[in-house]
Amino acid sequence: MTPSPTAPGSQLASRFGLSDRVFAGPLARRLAAKIEQGLEQVESELAVELKAADPLVDATSRYLYEAGGKRVRPMLVLLTAQLGSGANQRVVDAAKALELMHLGSLYHDDVMDGADRRRGVQAAHQVWGNSVAILTGDLLLSRASVIMSRNGDEAMRLQSETFERLVLGQMHETVGAQPGDDPIEFYIQVLADKTGSLIAAAAQAGAFFSDADEKYTEPLRVYGEKVGVAFQLADDVIDLSASPADTGKVPGTDLRAGVPTMPYLLLARREDDESRALLARIDEGVARIADGADPAILDGPLTELRDHDVTEATRELSLKWTRDAVDALDVLPRGTVREALTRFAESLAIRSS
């Protein structure tokens, strides 16, 4: 019998993009209820952590947090904690810190990308300006460090290494591949650093701070990083979608802004005349947009790119990274935690189908 929408596990399944059947059994529902209870604690404590005496700081730091989000990283922390003793205070602190790191990076990313909106609201820099948005991101990242420091040196090492990779990923994306770099390998590394590192940290943290078996830590790190890459590759396909109503943005947003995505990089490797001609039209359109032309001039070429087999190849690549992520879970015991992690990975990749 399918659980009702209010049954334990329904909220968790919905946030993870899963079907309720993952949490259908009695033991699984109890586990889901524990995770949802932990998430409520994370949300409650985050509200306190984000409260500031200064009205401006209070408004800016809470802005994107209150705009929503699925809280995927805290949920991953709480889920993998079920491999150990469950959601103790160290686990909750790690979940809060990693969510604040994610939030802080969004403020920075939106400034660097010139994004207009985030989570259905105006981007913070559109409301308060670039400087305030950047400083708010810095403040959130600082707060994450304070929270993580409560868990000792190992926690600070995890937080510091993750933060370093976030910065390196953004820097490399901004500067671009250098002579001698393989563009596709370079791009995959950027995705692993910018997205995969934080998901990997979340998957590791839950197990580590719940005193789960040490043999789970490295497989969970590998799983999280590969899930992050799969997620971004699926986004590259979604970016070319012809349904703005479904995706919430104009098709080809990244490419119109001159940001290369995997379909474009794969197209650049093609030797046939048709692919070369399409690549030239895209490059010309991007250059003209940079000079002030209407972004709509790329509508035709981007439709062709969407229908080109390099986009299907990107979808297949996303599925491959998903399969590799799931394979990394082989060492985990069979049960709801492993199944939920598996379905979560698969749900991210099939978004582009």
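Q: Why is aspartate 211 called exposed?
A: In this predicted model, aspartate 211 has a relative accessible area of 60%. A residue counts as exposed when this value is over 50%, and aspartate 211 is therefore classed as exposed.

Q: Where is the place of aspartate 211?
A: Aspartate 211 is found in the loop between H9 and helix H10, the latter covering residues 217-238.

Q: Why is aspartate 193 called buried?
A: The relative accessible area of aspartate 193 is 6%. Because the limit for a buried residue is under 20%, aspartate 193 falls in the buried class. Aspartate 193 belongs to helix H9.

Q: With which residues is aspartate 193 in contact, leaving aside its neighbours within four places in sequence?
A: The partners of aspartate 193 are Arg165, Leu166 and Gly169.

Q: What makes proline 183 count as partly exposed?
A: Proline 183 has a relative accessibility of 40%. The partly exposed class lies between the buried limit of 20% and the exposed limit of 50%, so proline 183 is placed in that class. Proline 183, like aspartate 193, is a residue of helix H9.

Q: How far apart are proline 183 and proline 260 in sequence and in space?
A: The two prolines are separated by 77 residues in sequence, and their C-alpha atoms lie 9.8 Å apart.

Q: How do you know that H4 and H9 are roughly parallel to each other?
A: Helix H4 (residues 72-80) and helix H9 (residues 183-209) pack at an angle of about 30°, and their axes are 6 Å apart. Angles under 35 degrees count as roughly parallel, and the pair H4 and H9 is therefore described in that way. The crossing of H4 over H9 is right-handed.

Q: Which residues make the contact of H4 with H9, and how do they divide by class?
A: Helix H4 contributes Arg73, Leu76, Val77 and Thr80, while H9 contributes Leu198, Ile199, Ala202, Ala203, Ala205, Gly206 and Ala207. The division is 8 nonpolar, 2 polar and 1 charged. Gly is among the residue types that count as polar, and Gly206 is one of the H9 residues in this contact.

Q: Why are H8 and H9 called roughly antiparallel to each other?
A: The axes of helix H8 (residues 153-175) and H9 cross at roughly 165° and come within 8 Å. An angle over 145 degrees counts as roughly antiparallel, so H8 and H9 receive that description. H8 passes H9 in a left-handed crossing, and the contact comprises 11 nonpolar, 7 polar and 5 charged residues.

Q: Why is aspartate 138 called partly exposed?
A: Aspartate 138, in helix H7 (residues 130-149), has a relative accessible area of 33%. This value lies between the limits of 20% and 50%, so aspartate 138 is partly exposed. The C-alpha atoms of aspartate 138 and serine 105 are 8.6 Å apart, although 33 residues separate the two along the chain.

Q: What makes arginine 256 a buried residue?
A: The relative accessible area of arginine 256 is 11%. Since buried means under 20%, arginine 256 is counted as buried. Arginine 256 is part of helix H12 (residues 253-256).

Q: How do you know that a polar contact joins the side chains of arginine 256 and aspartate 299?
A: The two side chains are joined at 2.9 Å, and the limit for a polar contact is within 3.5 Å. Beyond four places in sequence, arginine 256 also touches other residues, including Val250, Ile289, Pro295 and Leu302.

Q: How many of the 353 residues of the protein chain count as buried?
A: Buried residues make up 48% of the chain, which has 17 helices and 2 strands.

Note on methods
Residues numbered from 1 in each chain as written. Predicted model: local features only at pLDDT ≥ 70, side-chain atom pairs only at ≥ 80, totals over all residues. Heavy atoms only, no water. Helix = DSSP H or I, 4+ residues; strand = E, 2+ residues; numbered from the N terminus. Buried < 20%, exposed > 50% of the residue type's maximum accessible area, 1.4 Å probe, protein only. Polar contact = N/O pair within 3.5 Å; in protein donor to acceptor, adjacent residues only side chain to side chain. Contact = heavy atoms within 4.5 Å. Axes fitted to C-alpha atoms, helices over the stretch in contact; angles between N-to-C directions. Parallel < 35°, antiparallel > 145°, perpendicular 65-115°, else oblique. Left-handed = near helix turned anticlockwise from the far one by under 90°.
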